[in-house]
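Please keep the sequence and the model in view while going through the points.

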Amino acid sequence: MDLKVKIYVTLGVLSPVFLYMGGRLSILVVIWTSVVLFLPELLKPKEVEKEQKVEPKKKDHVCKCGGKNGKSEAAHSDEGKEECCGGKGTGVNGKECCGKGGKKKVEVEPKKPKDGCCSSGGKKSGKKCCGGKGHGHGKETKDTKEPSPATAQEWDSLTVDFTNAFKPAKTSKAKKTVKVFGKKGMTQISSKQEDSNSGDLIKSAFTVSNDELLNSDIYVFYSSLQGSAEKAAGIVQEKLKAVEGLKNEPKLLNLDEIDDTDKYFVDVPSENALYVLVVPSYDVDCPLDYFIQTLEENFNDHRLDRFPLRKLVGYTVLGLGDSESWPDKFCYQANKVDYWVSHLGGRRIFPVGKICMKYDGFEKVGEWAELLGELLKDNEPILYEYDENVDDSEEDGDDQDGSDEGGEGSDQEVDLEDVGGKESDSKRNENSLEVKQMIAKDSPTYRNLTKQGYRIVGSHSGVKICRWTKNELRGKGSCYKKSLFNIASSRCMELTPSLACSSKCVFCWRHGTNPVSKNWRWETDEPEFILENALAAHYSMIKQMRGVPGVIADRFINAFKVAHCALSLVGEPILYPYISKFVELLHEKDISSFLVCNAQHPESLRSLGKVTQLYVSIDASTKDELRKVDRPLYKDFWERMMECLDIIRTTQSHQRTVFRLTLVKGFNMGDISAYADLVQRGVPCFIEVKGATFSGSSKDNVNALTMQNIPFNEECKDFVENFVAELKRRGLPYDIAAEHAHSNCVLIADTKFKVDGKWNTHIDFAKFFELLRSGESFTHMDYMQETPEWALYGNGGFAPGNVRVAHGDRVANDGRVDAADLPEIPVGAV
Ligand SMILES: Cc1cc2nc3c(=O)[nH]c(=O)nc-3n(C[C@H](O)[C@H](O)[C@H](O)COP(=O)(O)O)c2cc1C
Ligand code: SF4
């Protein structure tokens, strides 16, 4: 009975007695009654509370988890079923979850940990996880002890932070600082930051140090119907075993026979696991379908960590197929595996290999595995993502016309006298004949250039991967020199041996970061040193591409054999005193040379040795226009240019010469007749006419162009047609030959390159080297090759073997080319 009721009843019964007895006796009676009746009640309340709390236990368990939360079906009473989500909740919020996703909290929930279940529906939560099936793993499953309060708390925290629960225990290794490559370059991120930003990091990439890759536990998985994938996986295993320094022997595993794929693709077998997946493709039902489906399901399973495979050191996929019989579906399942593994957080450390097994398949497998082995030893960072629109939207990769600028009025302008220090210092140095470095390692110029993605070689040379090189590696298009001259963009190295220039062209996008100078006056690196280090730098940048989605393995492998060198990039290559020797060294390595000069250094031009193709930038047709466009340092710039044209017509007439015209509206498109005068003077083999590319504006480049200066495609074509008409009118033998419409670029050629009615603007590179080695003199007429149909004027010039990618709203709808759009050739490209 309730205490209050007892008091009222007692007082009611005793009140007549008090009235009758009165005085002290009644007080004694009250005390005695209180002791006997109420004291036990006053001592009871805790028990009452406890009894009340336990009340819901009568319902036993309110979850309808189908026995999957660790209880048998029989243990669930019907009562409380309405409290259950039917196993469809997320399980992420432990307090709300009933074990298979119940949405409502009930008091009995904390009891689950005693079954060792994570209750979150996850398949793993450390050792105590039941795999979402209601029972713990291994020994833990048999643990029937009541949970201690601490255990319940631990369970709670696991379910609240689902992702963290799956993270491997921190080791000292995890504390290492990692280099992170995002769209905006590289930053150092500590493991602490990595933890807090793990979501961001998944889409980034990080350096896997030499040690880490060689210390990895390599698992070579394969799936095979007819045995070739099995054999190929064995080859891969053997090749990797032979890799010097590899700590653990690679293991071979048949995907079709693995009982529990979750062991490898939800969980990972070890902290340093690295996966190589060798997979064939079948357009008919095959065991691989199930594996791919499992990956996809894991990705879509909200109960699982979204990125379980980020725990891998890395992965790569080797596809086997038959490109002849299944051209459209060649290795399509390898692509799918790659897609899902990367979506599950895997970091691709090597491009997807795709090998047609019809001819010499196993040999190619061996080559692929050897290269993979080489790269395991490599300490180069791995780019996980590459966005061509962001990466170098200002630069557009290609070689510049040798012109450079300091951005007049720019803070960062580095002029002749500024190089290596303040003007006064420099003058002092001049007097004391001290020779300085053009770009010292600790200079702001060095920092600026490296920030822009240049690799500085020695103290005055630089390399940078052109965006066309990257895009051809990914099958997304080749540069216009592929269409016009047969260059392979993915095998092209863009280099300058002189980062300094003697002009400050308005359309150069160096934004004031480079030195300008009339003459060479710096410490000079040997040509051998430059070439060796430039190639090393180029290859290291290529290697970074191995993790980028879509990189084509064949092209990637071939990119390590540079075939062309575009000598320009930025600066004036011909300023370098040993330019001829440098070109010779290139040729010795079967690397063709495309040299651009700015027509300001006649002496160097005259003494220049053989190059594969020699460009002269013609940035304007009149003296006044040239002054405005190039802002040359030399006062006699016009005379210098005229002298250069004479040299092109005479001393250097054996070379394949090209005039490069970059059309800038409002600057240099007016006087077609004056251009014809220049052609008449120089008589080049080719005239390359290209609309300027919009490179964005910059506070540092006071004369940066606007879209108003960028000619429409039709305007360029009109210009070219009028220009050719004028040349013909003068009896000069030129006509329009080829084009790369995408780059707004048209090639006019001397008609001597039209043989039997067919244009021969392409270069036969093998022939060029053969002639060079013969020691005989030869001319541009001796190594030409027929222009393919697709590259001829009117056919667009988009190289086959690439897939054109549209970038929606970034494409100018008026036909003009914006550098922020698809990969584009910059102004003054070779
Ligand atoms: C019925 C059948 C269908 C195939 N479908 C494809 C396909 O769609 N794409 C592809 O690239 N190769 C295809 N192939 C070629 C196989 O992928 C290739 O022969 C591979 O090496 C087989 O590997 P395995 O011997 O390990 O099973 C197919 C082969 C067969 C017999
Ligand atoms: S030729 Fe120029 S644009 Fe083409 S790939 Fe080489 S550097 Fe890039």
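1. What percentage of the residues in the protein chain do buried residues make up? The structure is a predicted model, and buried residues account for 47% of the 830 residues in its protein chain.

2. On secondary structure, the protein chain comprises 29 helices and 22 strands. Among the contacts in the chain with a separation of 6 or more, 74% are made by residues 24 or more positions apart.

3. In soluble globular proteins, nonpolar side chains tend to be buried together. Here the largest nonpolar core contains 168 residues, and V236, V278 and I748 have the most contacts inside it. Both domain 4 (210–376) and domain 5 (389–810) contribute residues to this core, so it lies between them.

4. When its neighbours within four places in sequence are left aside, V236 is in contact with V220, V276, V278, L318, V365 and A369. One of these partners, V278, is itself listed with V236 among the core residues that have the most contacts.

5. The surroundings of ligand 1 form the last point. This ligand is surrounded by 21 residues, of which S224, Q226, A229, P280 and G321 are the closest. Two elements, α11 (228–241) and β7 (314–321), each give two or more residues to the shell; α11 gives the most, with three residues. By class, the shell around ligand 1 consists of eleven nonpolar, six polar and four charged residues.

Notes: Residues are numbered from 1 along each chain as its sequence is written. Chains are lettered from A and ligands numbered from 1 in the order in which they are written. This is a predicted model: local features need pLDDT of at least 70, side-chain atom pairs count only at pLDDT 80 or more; totals for chains, interfaces and linings use all residues. A nonpolar core is a set of buried Ala, Val, Leu, Ile, Met, Phe, Trp, Tyr and Cys residues joined through C-beta atoms within 7 Å. A residue is buried if 20 or more other C-beta atoms lie within 10 Å of its own, exposed if 12 or fewer, and partly exposed in between; C-beta atoms are placed from the backbone. Domain bounds come from an automatic or database domain assignment. Two residues are in contact if their C-beta atoms, placed from the backbone, lie within 7 Å. Helices (H or I, at least four residues) and strands (E, at least two) are DSSP runs, numbered from the N terminus. A residue is near a molecule or strand if its C-beta atom, placed from the backbone, lies within 6 Å of it. Ala, Val, Leu, Ile, Met, Phe, Trp, Tyr, Cys and Pro count as nonpolar, Asp, Glu, Lys and Arg as charged, and the others, Gly among them, as polar.
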